[in-house]
Amino acid sequence: MDTQASSETIAFSRPYMGDAEAQAAYDAVQSGWIVGGPRLAEFERRFAARCGAAHAVGVSNWTTGAFLVLHAWSIGPGDEVIVPSLTFIATVNVIRHAGATPVFADIDERTFNIDPADAERKITARTKAIMPVDQIGLPCDIDAMRALASAHGLHLLDDAACAFASANRGRPVGSLADVTVFSLHARKVVTTGEGGMIVTDDAELAGRLKVLRHQGMSASDFARHGARPTEFETYPEIGYNFRITDIQAGVGLAQMDRLDEMLALRRGAAERYAAGLADHPFVRAPFVPPGLEHNWQSYQVALTPEAPLSRNAVMDRLYDAGVPTRRGVMASHREPPYAGLHAVLPVTERVADTTLQLPMHSGLSAQQADRVLEELWRLV
Ligand SMILES: Cc1ncc(COP(=O)(O)O)c(C=O)c1O
């Protein structure tokens with residue numbers, strides 16, 4: 001397996017792949033079924049099972065998947081969707097793609113997840129859905145979100161782009177909302193390069209999403225293969241091309257085989273970081289509320305108000321010492337397309353300005369984690 005053994009160069013993020021993924025892609029190519037075939041069906045089956053959900057629908061990425069769900073729910077112009085601003089901007093963009101208006105809720109300062117009380121304050125007669133985010137892999141307070149959705153008759157779409165294999169009081173993410181959408185992008189724990197997975201218990205919705213991802217075609221390629229030549233498909237509604245390939249599905253199946261290993265490696269690195277930061281005077285390790293299981297897709301630390309350096313200065317110092325970092329999760333409402341909404345989100349802004357992400361991936365060695373810690377202590 002080609003992992004990073006050297007302590008000299010530290011990757012910020014890196015897919016954990018090897019011969020099994022290469023062989024899986026090769027086998028898919030050799031089989032002749034490179035899209036809409038048996039590997040996709042198997043990947044969807046195993047993904048749904050891991051989430052404790054009845055159905056999974058593979059799509060080209062999280063963004064196209066979430067858009068399809070909003071479209072299937074007929075969310076559009078005049079409708080509002082409640083969403084945290086502190087998220088990768090795709091979460092917010094997709095609401096606009098559907099023609100609806102994002103309404104931003106603030107977050108909990110310790111978990112970085114949506115604040116249920118503020119989400120409730122943002123509900124109006126136009127609200128149609130709530131889209132919480134499981135921030136960088138940490139499950140949101142989904143029970144509070146469900147209670148709000150039920151009380152106000154709203155759809156609940158869990159943005160679990162980063163949270164595959166995380167769990168909330170023993171219940172896997174993917175089994176807790178009307179619909180959960182995952183990303184399989186290169187920085188995620190399980191990756192197919194690009195890709196996404198929609199997970200739901202709603203059989204009718206899952207069937208419709210499969211039709212919509214494939215230009216509205218009534219029968220899949222797989223179903224048509226081997227059918228009588230005079231059985232023609234129909235196109236009952238306008239669909240999209242949001243397909244994922246069987247080459248990607250093959251790679252995804254190989255990634256599923258090492259999922260538990262990857263989770264253990266990331267947990268080990270996170271525990272090492274947390275132990276090394278326990279007494280740090282101004283760098284605070286992430287908080288995981290009791291009962292939540294984090295997949296450690298990313299590792300985000302916060303600078304306390306006493307920090308003698310700004311977040312950006314810390315990032316620059318670490319970069320000069322050979323430790324790559326990224327800023328913490330962005331505040332989407334500050335970007336030009338959303339600035340006109342004039343959202344007031346003090347916690348979101350404070351968190352966006354004082355957090356950074358440390359190197360985190362399944363191949364991060366103990367020596368590399370120790371090097372990162374050494375440099376964080378050198379700042380003191
Ligand atoms: C919270 C969140 N939502 C949505 C996305 C978009 O995922 P994709 O790139 O698969 O469309 C990401 C990607 O990083 C994300 O972090």
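**Sheet and ligand site**

Analyst: This is a predicted model. Four strands, in the order β10-β12-β14-β13, make up an open sheet with antiparallel pairing.

User: Which strands stand at the edges?

Analyst: The edge positions belong to β10 (283-284) and β13 (326-327). Each has a single partner strand, so one side of each is left without a neighbour in the sheet.

User: And how many bridges join β10 to β12?

Analyst: There are 2 bridges between β10 and β12 (residues 299-303), and the two strands run antiparallel. Within this pairing, V283 is placed opposite L303 of β12.

User: Let us turn to the ligand. How many residues surround it, and which are the closest?

Analyst: The ligand is surrounded by 14 residues, and W62, T63, D159, S183 and K188 are the closest.

User: What lies 2.7 Å from an oxygen atom of the ligand?

Analyst: That is an N or O atom in the side chain of S183. A polar backbone atom of W62 is 2.9 Å from an oxygen atom of the ligand.

User: How much of the ligand's area does the protein bury?

Analyst: The ligand taken alone exposes 390 Å², of which the protein buries 87%. The space that the ligand takes is the largest pocket.

User: Which elements give two or more residues to the shell?

Analyst: Those elements are α3 (62-72) and α4 (90-97).

Definitions and conventions: Residues numbered from 1 in each chain as written. Predicted model: local features only at pLDDT ≥ 70, side-chain atom pairs only at ≥ 80, totals over all residues. Heavy atoms only, no water. Near = heavy atom within 4 Å. Polar contact = N/O pair within 3.5 Å; in protein donor to acceptor, adjacent residues only side chain to side chain. Areas by Shrake-Rupley, 256 points an atom, 1.4 Å probe, with all protein chains shown as cover. 1 Å grid on protein atoms, 1.4 Å probe; cavity = no way out; pocket = protein on both sides within 12 Å on 5 of 7 lines; lining within 4 Å. Sits in = over half its atoms within 2 Å of the grid points. Pairing = 2+ DSSP bridges.
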